[in-house]
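Please keep the sequence and the structure in view while reading.

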Amino acid sequence: ARFWLEAYLELAYMLCYPLVPCALGVLYLARMKQYADYYWMVVLPPSYLCYGMTAFIYTLPPRLVEPESAGAARVKGRAFNLWILSHASNEHNTFPSAHVAATTAASLVLLHLVPAWGIVFLWISASIALGAVVRRYHYALDALVGAALAFAAFLLLG
């Protein structure tokens, strides 16, 4: 059972990349493209804030601070996620988590405009946050503050 949970969390974390454009795609498929500006107005500010904070707060992700357990790498999704991070990342920790902030904000917009899809996307976003922490891509505080920024942006800008 643990192997399947680890595999699920790796897959969930992998979904942080396509979730934001897919959520926008849902708006277009739901014939709600008139809300695209609103979507980006809620998604981009918390994301940019997270990336901007890397200039002021330098930390390494937990997976680089402490050695991983022997079983951590046995999940195939882990190798793919680490490959992406080693080739498309600066290997620094983003505080707050931009992945959590962006995906949560996108999901909240869908929850507001297309509730059925919003529930699905919010589940995936929560799984991304959990995967980020459990699989040691981020610290718990990174994920919590990232989600809080998304909620704040949704409440203030939505």
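A residue is called buried when its relative accessible area is under 20%, and exposed when that area is over 50%. The model examined here is a predicted one. By this criterion Cys50 is buried, since its relative accessible area is 0%. Cys16 is likewise classed as buried, with a relative accessible area of 6%.

The cysteines raise the matter of disulfides, for which two cysteine sulfur atoms must lie within 2.5 Å. The count under this rule is zero. For Cys16, the closest cysteine sulfur belongs to Cys22 and lies 12 Å away, which is too far for a bond. For Cys50, the closest cysteine sulfur is that of Cys16, at 12 Å, and this separation too is too far for a bond.

Two packed helices are described by the angle between their axes and the distance between the axes. Helix 1, residues 2–14, and helix 2 have axes that come within 5 Å and cross at roughly 50°. Helix 1 is therefore oblique to helix 2. Where they meet, helix 1 contributes Ala12, Tyr13 and Met14, while helix 2 contributes Cys16, Tyr17 and Pro18. Sorted by class, this contact of helix 1 with helix 2 comprises six nonpolar residues, with no polar and no charged ones.

How do the axes of helix 2 and helix 3 cross? Helix 2 spans residues 16–29 and helix 3 spans residues 36–53; their axes come within 10 Å and cross at roughly 155°. Because angles over 145 degrees count as roughly antiparallel, helix 2 is roughly antiparallel to helix 3. The crossing of these two helices is right-handed. On the helix 2 side the contact is formed by Val20, Ala23, Leu24, Leu27 and Tyr28, and on the helix 3 side by Ala36, Tyr39, Trp40 and Val43. The contact of helix 2 with helix 3 contains nine nonpolar residues and, again by class, no polar and no charged residues.

When neighbours within four places in sequence are set aside, Ala36 is in contact with Leu24 and Tyr28. Between Ala36 and Gly25 there are eleven residues of sequence separation, and their C-alpha atoms are 9.6 Å apart in space.

The loops call for attention to backbone geometry. Most residues other than glycine have a negative phi, and most peptide bonds are trans. Arg31, in the loop between helix 2 and helix 3, has a phi near 60°, a positive value in a residue other than glycine. Arg136 lies in the loop that runs between helix 7 (115–134) and helix 8 (140–157), and its phi, near 70°, is also positive in a residue other than glycine. Are these two arginines buried or exposed? Arg31 counts as exposed, at 74% relative accessibility, whereas Arg136 counts as buried, at 19%.

Pro96 is located in the loop between helix 5 (76–88) and helix 6 (98–113). The peptide bond leading from Phe95 to Pro96 is cis, with omega near -10°.

Methods: Residues are numbered from 1 along each chain as its sequence is written. This is a predicted model: local features need pLDDT of at least 70, side-chain atom pairs count only at pLDDT 80 or more; totals for chains, interfaces and linings use all residues. Side-chain values use heavy atoms; hydrogens and water are left out. Axes are lines fitted to C-alpha atoms, for helices over the stretch in contact, and angles run from 0 to 180 degrees between N-to-C directions. Helices (H or I, at least four residues) and strands (E, at least two) are DSSP runs, numbered from the N terminus. Angles under 35 degrees count as roughly parallel, over 145 as roughly antiparallel, 65 to 115 as roughly perpendicular and the rest as oblique. A crossing is left-handed if the near helix is turned anticlockwise from the far one by less than a right angle, and right-handed if clockwise. Contact means heavy atoms within 4.5 Å. Ala, Val, Leu, Ile, Met, Phe, Trp, Tyr, Cys and Pro count as nonpolar, Asp, Glu, Lys and Arg as charged, and the others, Gly among them, as polar. Buried means under 20% relative accessible area, exposed over 50%, partly exposed in between (1.4 Å probe, protein chains only).
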